[in-house]
Amino acid sequence: MPDSLPTTEKYLENAEKAAKHLERFKGDVLGHFINGKHVPGTSGKVLDNISPIDGSVINQIASGSADNIDAAAKAAANAFPEWRKMPGSERRRILHKVADLIVERAEEIALVECVDTGQALRFMSKAAIRGSENYRFFADKAPEATGGLSMPAQQHMNYSVRSPIGPVGVITPWNTPFMLSTWKIAPALAAGCTVVHKPAEWSPLTAMLLAEITAEAGVPDGVINLVNGLGEEAGKALTEHPDIKAAAFVGESSTGSAIMRQGSETLKRVHFELGGKNPVIVFDDSDMDRALDAVVFMIYSLNGERCTSSSRLLVQETIHEEFIERVAERVKNIRVGHPLDPDTEVGPLIHKRHFDKVKSYFDVAGEEGAEIKVGGSTIDGDGFFVEPTLFTQAGNKMRIAQEEIFGPVLTAMTFKDEAEALAMANDIGYGLTGYVWTKDTGRGLRMAHGLEAGMIWVNSENNRHLPAPFGGMKASGIGRDGGDYSFDFYMETKNICVAFDTHKVPSLGKQ
Ligand code: NAD
């Protein structure tokens, strides 16, 4: 922790609790979880799991090999027939039990996640509970997962049914690892799929807690498996494995491309939730106070390491000066600190490599001619802390306006009118979310329909409703999560067509 940061002593109690929970990871190298058992790594290669807070080694994890993935995929394939046969009502009961156990251990999960990722406790305690809600939501949908549509025709009855696709691979990133893992794994299990999970190598701890909790809740051996390790090795082997029928991936757009290539040989079904560089558009008739709160929250919460963050601020020129001054005031006051301090709003970035990437944009902004109105520096000392940063006077073609920085860094620009705002917002390769602030309902609707993004919020920050579709367009993703959309990915749809025996069957070769 850098000495220059004001430390309130409030984190000490949490640090003590976190240390107790982390104790179990300190000894042996953290291995894998395969077929209901903890399994040590077999490759002999280990990876250091580094603390974002001070750069020290938290623990070591096994670097999973293709052999480990093979064992996990085989376990998942063996467990699949029984798990898919289990009545949905029984799967519902077990998955609710997972949710109960997450709630019981929510504090532990949140504390461990804060230390592992650098994310502030104020957000991670909510994320752990969100994880349990994901399980409850999909648990309740398990009994209806196999249901389909009835599509009667004149002389035939058509109806569809769904069945789980098989063992699936789930590959997750490091930004909010626990919540994201539940978001992918809960619907897979509810659908009747078995899972091999490859968590991010920079944040492996809570994935193991989730695997253990899931097994403890009564999910049979082999239904949930976890292999730690590198994306290029364990992740690659998972996406290439013939027993794995689909790959659900959350991470960078370029990794999505690699996974598509890797999975092509086995015709893997893929679901991608990728990067974003999302616009928030503030018109001069908006509720300025609410817009200000949302703009600041959506880029500086979760360290800005958030796919849905509103990292491009477009402000109408009539209110630009006043609004930017107000944003700047807020950004200057954001509390950077220890992730376990309940007062902390921004913690350290996940890893030295990511810290260096975010830092590099401070130079890029200067080189491109933007103004660094607030921040723009790293914080000296141990750990990967950067100042919450606001770039102004930016142009939409600049790299700081086009590339995903994935840190507490906001790029602000101006626009004249609705047409220009829309053109600027859409002039980018990404298309995950868009945020519009206006009191003019018609304009809000026009913007919402015109924006090229999978999710639009009008007069709101990101507000998640579990039945609603979640996902991106363009380089931000393929497919949708949430509600029934998740089942579309994890299940095969079969159409069954039965005749009323009234239609004429074509006959060939008849004398
Ligand atoms: P990343 O793509 O580097 O890594 C994500 C996961 O993929 C890790 O587990 C990694 O080990 C694995 N991986 C890497 N190379 C692989 C390969 N060749 N084959 C298989 N697996 C491989 O992403 P990250 O840096 O961990 O996460 C940040 C990114 O995630 C950002 O771009 C962010 O926007 C995105 N993200 C998107 C969403 C969304 O819902 N759209 C949500 C959260 C994060």
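Cys307 has 22% relative accessibility, so it counts as partly exposed, a class between buried (under 20% relative accessible area) and exposed (over 50%), with a 1.4 Å probe and protein chains only. Cys114, at 0% relative accessibility, counts as buried. This is a predicted model, in which local features need pLDDT of at least 70, side-chain atom pairs count only at pLDDT 80 or more, and totals for chains, interfaces and linings use all residues. Residues are numbered from 1 along each chain as its sequence is written, and side-chain values use heavy atoms, with hydrogens and water left out.

A disulfide is a covalent bond between the sulfur atoms of two cysteines. Here the term is applied to a pair of cysteine sulfur atoms within 2.5 Å. The structure holds zero disulfides. For Cys114, the closest cysteine sulfur is that of Cys307, at 18 Å, which is too far for a bond.

Next comes strand 10, residues 246-250. Strands (E, at least two residues) and helices (H or I, at least four) are DSSP runs, numbered from the N terminus. In a regular strand the side chains alternate between the two faces of the sheet. In strand 10, Ala246, Ala248 and Val250 lie on one side and Ala247 and Phe249 on the other, and all are buried. Because five of its five residues are buried, strand 10 is largely enclosed by the rest of the structure.

Two strands pair if DSSP finds at least two bridges between them. Strand 7 (residues 168-171) runs parallel to strand 10 and is joined to it by four bridges; Ala248 is the bridge partner of Val170. Strand 11 (residues 269-273) is also parallel to strand 10, over five bridges, and there Ala248 is partnered by His271. From strand 10 the chain passes through helix 9 (residues 253-264) to strand 11, a right-handed β-α-β crossover. Right-handed means that, with the strands pointing away from the viewer, the path from the first strand over the helix to the second runs clockwise.
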